[in-house]
Each structure stands twice: as structure tokens, then as C-alpha cells.
Amino acid sequence: MREKLRLAKVKPILLLAGVCVVGCLVLLGSYLLKDKEAPVLSYSEARLTLSAEDVAEIEALDYSCLLEDVTAYDTRDGALDDRVIVQSCRFSEDSVYAVVTYQVADHSTNAATAKRIVYTAAEVYDPNYDIPVITLTTDTITVPLGTVPDLESYLDELSDVSDSYRQLLANITLSGEYDLYTPGEYELGLTVTDQDGNVSDTFSFTLVVTEPEETDEYDYEESYEYSDYEEYDSEEYNSEESEESYEYSEYEDYDTEE
């Protein structure tokens, strides 16, 4: 009888433990099988040129012309072309190009983004719009011996279609050999690399390292001697003036007594 009672008490516990184990296995399996891979966005490598009508549609927030050659694929969900959206489209100040950001998310909410540059039909294509630009205000920088030049203070232009000024500033490269402790002229070059790996054209300039100015000892000694002479001449003049004043005073006293 006691054995039956003991089994009756143990069975619910074993059943509950079994349910917990099965639940944990189900949760673990669903986690391991969960789709954690983001889809892949791609677009045609051909240059996309926007017509005046396309630009007008984009300004009206109709981005259909920007989605015609864009595709998205996910290993679990397959083709996701219909889920691609244009997150942003920023035109340059001169409206020569625009930076377009695409985004897509699969059915498991894994998201992917991609950027591309599109051009307007009104302008002739120039591939240099894809690279950053760096220039200085001068092509000659002069520094005293042992002084590191402050290149940022000489920057004239540092720009890119997508990277910020600070991002570019951290990726400036100085090329060429120079010695800040040896006077002379050194031919150097500056380039900047953006986050996409595009490298600017090289801006060439001359670094001039000069010797410190020497003190002219001869002029210093001559000035010192001339100063002594002035001081001596002044003392002699004051002495003569004092004697003349004394003699005149005696003459006045003598005249008064008479």
C-alpha cells in the first residue's frame, strides 16, 4: 500500500520533469534552427542615370526608378525583391549625383543595407566623383628645425560623397621621405582614403625645414659700446652743467653783497 502511495506521488513529479525537459529541448531546437542570417542585397554594376522625370519622382518620394535593378535573396526565405525599400536618397549640393541607401529584412527580421551612387542625366559622368578629395591652401609649407607641421591648419578641401570630415581626417596618408632635424626641401604627397577604400588623387607639396636664426654678436657689442659712450657723455655733460650753475650762483651772491 505504501509503495502504491509513493508511486502515486512520484509519477506527477516525473511527468512534470519530463514536460520541462521536452520544453527545454523544443526551445533549444527552435533557437538553433532559428534564421539568424541576413539577406543579401545587390544591384547592377552598370551606372544608373536619372532623367529629369526620375528626379521629379524622387522629390515626390516615389523611389520606383531606384528599385528597378535591385535584388535581394535570403538562404531561408528565397527572393525578397518585393521587400526592398529605399531608406534614403541624398542629392549633392550641385545635383550631380545622389547617394541612395537600400534596406531589406527577411521574415525573421534579419536586416541588410547597401549604398550606391546614382547620377543625373544633365551632367557628364566623371568617375572622380566616387573618390574623396584633399587639397591644401599652399604647395609649400615652411617649419623651423625640429617642428612637426600642423597639416590640418593648411587644409583647403577635405570631402567625400559619404564620409564625414572627421572620418576622412583620421585616414590621411603622408608619403615621401623627410627629416625634421635636417634643414632642406622635401617633396611630399597627401592622400585620403574613405570608408569604402576609395583613395583620393595625390596632392603634392614641398616641406621646407629651416635652421634657427643666429644672433648677430657684432651688432650687440657695438650697441653696448655705444650705450656706454652715451652714458659717459651724459655724465660729463651733467658735470659741466653743474659747475657752470655753481659759478653763476657764486657770482649772484657776490653781486648781492655789493
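This is a predicted model: local features need pLDDT of at least 70, side-chain atom pairs count only at pLDDT 80 or more; totals for chains, interfaces and linings use all residues.
Let me begin with one residue. Tyr-102 touches Leu-41, Leu-66, Leu-67, Val-70, Val-84, Ile-85, Val-86, Gln-87, Ala-112, Thr-113, Ala-114 and Arg-116, leaving aside residues up to four places away in sequence. With a relative accessibility of 1%, Tyr-102 counts as buried. The mean pLDDT of the chain is 78, and 66% of the residues score at least 70.

As general background, nonpolar side chains tend to be buried together in soluble globular proteins.

Tyr-102 also takes part in the one aromatic pair that the structure holds. Its partner is Tyr-43; the pair is tilted, at 6.4 Å centre to centre and with 35° between the planes. Because Tyr-43 is in strand 1 (residues 40–43) and Tyr-102 in strand 6, the pair ties together parts that are 59 residues apart in sequence. Tyr-43 has a relative accessibility of 32% and therefore counts as partly exposed, whereas Tyr-102 is buried.

Which of its residues are buried, and which are exposed? Asp-54, Val-55 and Ile-58 are buried. These three cover an arc of only 100° around the axis, which means that they lie on the same side of helix 2. Ala-52, Glu-53 and Glu-59, on the other side of helix 2, are exposed. The buried residues of the helix pack against strand 2 (49–50), strand 5 and strand 7. After helix 2 comes Leu-61, with a positive phi near 70°.

Now to the sheet that contains strand 1. This is an open sheet of three strands in the order 1-3-4, with antiparallel pairing. Strand 1 and strand 4 (78–79) stand at the edges with a single partner strand each, so one side of each has no neighbour in the sheet. The pairing of strand 3 with strand 4 is antiparallel and runs over two bridges. Tyr-73 has Ala-79 in strand 4 as its bridge partner.

One loop position may also be noted. Ala-170 is in the loop between helix 3 (165–169) and strand 11 (172–175). With a relative accessible area of 64%, Ala-170 is exposed. Ala-170 and Thr-193 are 23 residues apart in sequence, and their C-alpha atoms are 9.1 Å apart in space.

Finally, a word on confidence. Which elements of the chain mark the two ends of the range in mean pLDDT? The lowest value, 48, belongs to helix 4 (residues 217–257), and the highest, 96, to strand 13 (residues 203–210). Over residues 251–258 pLDDT stays under 50, and the model has zero contacts beyond four places in sequence for them. Residues 124–128 also stay under 50, and for these the model has four such contacts.

Note on methods
Residues are numbered from 1 along each chain as its sequence is written. Side-chain values use heavy atoms; hydrogens and water are left out. pLDDT is the predictor's confidence in each residue, from 0 to 100. Helices (H or I, at least four residues) and strands (E, at least two) are DSSP runs, numbered from the N terminus. Contact means heavy atoms within 4.5 Å. Buried means under 20% relative accessible area, exposed over 50%, partly exposed in between (1.4 Å probe, protein chains only). Rings of Phe, Tyr and Trp (its six-membered ring) pair if their centres lie within 6.5 Å; planes under 30 degrees apart count as stacked, over 60 as edge-to-face and the rest as tilted. The arc is that of the directions from the helix axis to the C-beta atoms. Two strands pair if DSSP finds at least two bridges between them.
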